[in-house]
Each structure stands twice: as structure tokens, then as C-alpha cells.
Amino acid sequence: MAAVRGREGRAWFEALIASVQARHDHGVYEGTYNAPWRFPPEQAGAWLATDLLEFQRRMGNTP
């Protein structure tokens, strides 16, 4: 995760989000959670908005 610079594009961003699988990670995903913020805010915000509902479902945060 430390190698992610934020210039890798949408496919990398989506792969980061998709890689988070554990609902209660106990710190395992700390690097993964920090990596998306290296992408340009305009892009990261739009991409995250697109992926957020599926992410919430996967994490069990929606009815």
C-alpha cells in the first residue's frame, strides 16, 4: 500500500476498495484505508461515491 501514489487510475482505486473484506479488521487494513486519500480529491470522491453502496453492503452496514 505504501507504493500507491494516487496516479494509478480508477482501476487501482477500485481494487483498493474491493480488497477490504473483513468487517472487523482490527487494524489489518490501515494501509489500505489510507491509500485512497492519495488520489486527487475530485477523482477519489466521485469514484468512492460510485463504489460506496457496494462497500457498505459488503461490510454489513446497510439493511
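Predicted model: local features only at pLDDT ≥ 70, side-chain atom pairs only at ≥ 80, totals over all residues.
Accessible area here is worked out with the Shrake-Rupley method, using a 1.4 Å probe. The chain exposes about 4300 Å², and 57% of that comes from carbon and sulfur atoms. As for what is tucked away, 27% of the 63 residues count as buried.

Now for the fold itself. You'll find 3 helices and 0 strands in the chain, so the pattern you read along the sequence is simply α-α-α. The radius of gyration is 12 Å, close to the 11 Å that the globule rule gives for 63 residues, so the chain is as compact as a globular protein of that length. If you trace the C-alpha atoms along the principal axes, they span about 35 × 25 × 15 Å. Contacts tell you how the chain comes back to itself: take those with a separation of 6 or more, and 63% of them are between residues 24 or more positions apart.

What about charges? The chain has 7 positive and 7 negative ones, and their mean positions are 1 Å apart. The salt bridge count comes to 1. The partners are Glu14 and Arg10, whose side chains meet at 2.6 Å, N to O. That is within the 4 Å cut-off, so the pair counts as a salt bridge. Both residues sit in helix α1, which covers residues 10-19, and they are 4 residues apart, about one turn of the helix.

Conventions. Residues numbered from 1 in each chain as written. Heavy atoms only, no water. Helix = DSSP H or I, 4+ residues; strand = E, 2+ residues; numbered from the N terminus. Rg over C-alpha atoms; globule rule 2.2 N^0.38 Å. Buried < 20%, exposed > 50% of the residue type's maximum accessible area, 1.4 Å probe, protein only. Contact = heavy atoms within 4.5 Å. Lys, Arg positive; Asp, Glu negative; His and termini not counted. Charge placed at Lys NZ, Arg CZ, Asp CG, Glu CD.
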